[in-house]
Amino acid sequence: MVYLETDRLILRNYQLKDINDFYELMSQEFVARHQGFAPLSLESCEKSVTKMLDNDSYLACELKENGKVIGTLEQRKDDDGSGNYTIGYEFSEKYGKKGYATESTRALIAHLFLALDARRICANMSEVNVDSWRLVERLGFRREAHFIECEPSFNQKDEHGNPILDDCFVYALLKKEWQHTV
């Protein structure tokens, strides 16, 4: 079980009580657009939360002041023994521009490097998700790759009915780089 606290947030494993907040988050077109899926139904969210219970790879981002889950963080360790992790995050547009994503992602990064002995953390995102790549840049990540036409754009089709593909960025941060920033 993971439990992390910041000044304003609690990062913890998902619980059944989070289904409605998770639905509120994942049914937003804003969130879906940057994740490449259609907004999720309540039934899909119930199934997702049930699968995430007791899974340290998915963390609910809860406001300390009222217990509201406003975002989710994900981390996945590569199976090759390299100490590489990939992170992701989704936050409600309603709570945007308040520093919550930065605050919680900073705590997740510290947890991965210090508690789980990560060597390298990556983050992948669409080029059009400017807030996301600016977030990781603020946290010290460097852009390592720019892939052309790699990810379907949300509900966008060309004149022939084919999906429009967005360019993607890959960012990374090594533990030794991170240690120089804290």
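A contact here means heavy atoms within 4.5 Å. By that criterion, residues 24 or more positions apart account for 61% of the contacts in the protein chain with a separation of 6 or more. The model is predicted, so local features need pLDDT of at least 70 and side-chain atom pairs count only at pLDDT 80 or more, while totals for chains, interfaces and linings use all residues. Residues are numbered from 1 along each chain as its sequence is written, and side-chain values use heavy atoms, leaving out hydrogens and water.

Begin with the whole protein chain. The chain has 6 helices and 8 strands, taken as DSSP runs (helices H or I, at least four residues; strands E, at least two) and numbered from the N terminus. Of its 182 residues, 46% count as buried, that is, under 20% relative accessible area with a 1.4 Å probe, protein chains only.

Next, select residues 3-5, strand β1, together with residues 9-13, strand β2. These strands form a hairpin with 3 residues between them and pair in the antiparallel sense over 3 bridges; pairing requires that DSSP find at least two bridges. Y3 has R12 of β2 as its bridge partner.

In β2, 5 of 5 residues are buried.

Finally, select residues 19-26, helix α1. Its buried residues are I19, D21, F22, L25 and M26. Viewed down the axis of α1, they fall within an arc of 165 degrees (directions from the helix axis to the C-beta atoms), so they line one face of the helix.

Technical notes:
Buried means under 20% relative accessible area, exposed over 50%, partly exposed in between (1.4 Å probe, protein chains only).
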